[in-house]
Amino acid sequence: MNLRDKKLWVFDVDNTLIHDVEHPTPFDDALKLWNALIEKGYNVAILTNVGRLSSRQVYQAISKAGFKIPVEQVFTAGAAAAAYVHNRAPGARCFVIGEGGAQEDFIARGLDVTNNPPIDFVAVAADRGMTFQELNFATRMVKEGAQLICISGSKDYPGIYLGTEDTFIGERSIVAAIEHATGVDSVVVGKPLPEILIETVKVLGYKTSDSVMVGDNPKSDIAGGNAAGMTTILVKRDPNNIVAFESEDYDSTPTITVESLEELISQI
Ligand SMILES: [Mg+2]
């Protein structure tokens with residue numbers, strides 16, 4: 001495997017390019033590799049498991065951090081979930097929880113985002129302003145037959161909300177309450193689901209065999225990249241900042257492991 005043969009480099013965001021979307025300090029090694037890739041003519045894209053922010057909002061955060069990229073090459077779990085719904089039921093009526101970001105991605109995909117029945121899909125991203133009524137309505141709609149989508153699979157995550165630094169309950173934990181109440185299992189749309197990595201690469205006009213997935217999380221970035229048939233690169237970051245995921249049955253052994261992304265510059 002020669003990295004020079006690869007054409008598309010797909011990057012995770014939190015703890016890979018920047019600390020996290022609410023603390024968008026860039027990692028120096030990531031900026032250096034990013035600029036070297038662009039200079040040498042490789043294409044770059046972003047696939048983040050964040051669902052509470054839209055693709056446009058993530059684009060703004062990483063652009064401000066110094067990573068140059070067109071907005072069309074930034075993909076969130078919310079955008080992936082919207083594509084997942086659109087591919088099965090274009091224009092479906094969707095009740096969406098997700099701090100406004102997921103809603104924006106669903107509307108951008110042409111879906112009917114609504115708070116009134118009938119509802120075809122209930123889609124849930126992390127939402128720190130969610131009310132009991134929203135959770136209860138989501139549960140009732142799933143009981144009445146709506147399909148349940150979990151936008152990514154974080155149990156919890158670090159962040160800042162209304163000025164408070166904390167660890168917050170993630171979408172997977174919120175959806176677990178709905179699953180428990182209804183007996184219905186959700187579909188988790190986000191890394192490591194191979195479908196969304198394959199779709200991202202395809203939308204940009206490449207093959208997964210020509211593409212690289214770079215991230216800090218073996219269970220999401222690496223497992224998903226491997227299952228999609230991509231070359232996978234694990235960058236070792238502070239293990240305390242790796243978001244906890246429900247484990248999947250995919251192989252999470254990276255093709256390459258680096259301490260710093262700068263190590264890759266000599267190989268491209
Ligand atoms: Mg990450």
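Domain bounds here come from an automatic or database domain assignment, and that assignment gives domain 1 as 3–77 + 191–267 and domain 2 as 89–186. The model is a predicted one, in which local features need pLDDT of at least 70 and side-chain atom pairs count only at pLDDT 80 or more, while totals for chains, interfaces and linings use all residues. Residues are numbered from 1 along each chain as its sequence is written.

Colour the two domains separately: their centres, taken over C-alpha atoms, are 24 Å apart.

Next, select strands E1 (residues 8–11) and E13 (residues 211–215), which pair in the parallel sense over four bridges; strands are DSSP runs of E with at least two residues, helices are runs of H or I with at least four, and both are numbered from the N terminus, while two strands pair if DSSP finds at least two bridges between them. Valine 10 has methionine 213 in E13 as its bridge partner.

Move on to the open sheet of five strands, ordered E7-E6-E8-E9-E12 with parallel pairing. Within it, E8 (residues 121–124) and E9 (residues 147–151) run parallel and are joined by four bridges, with valine 124 opposite cysteine 150 in E9.

Finally, show the contacts between the domains, where 16 residues of domain 1 meet 21 residues of domain 2, contact being C-beta atoms, placed from the backbone, within 7 Å. Helix H2 (residues 55–64) gives the most to the domain 1 side, with three residues.

Terms used: Two residues are in contact if their C-beta atoms, placed from the backbone, lie within 7 Å.
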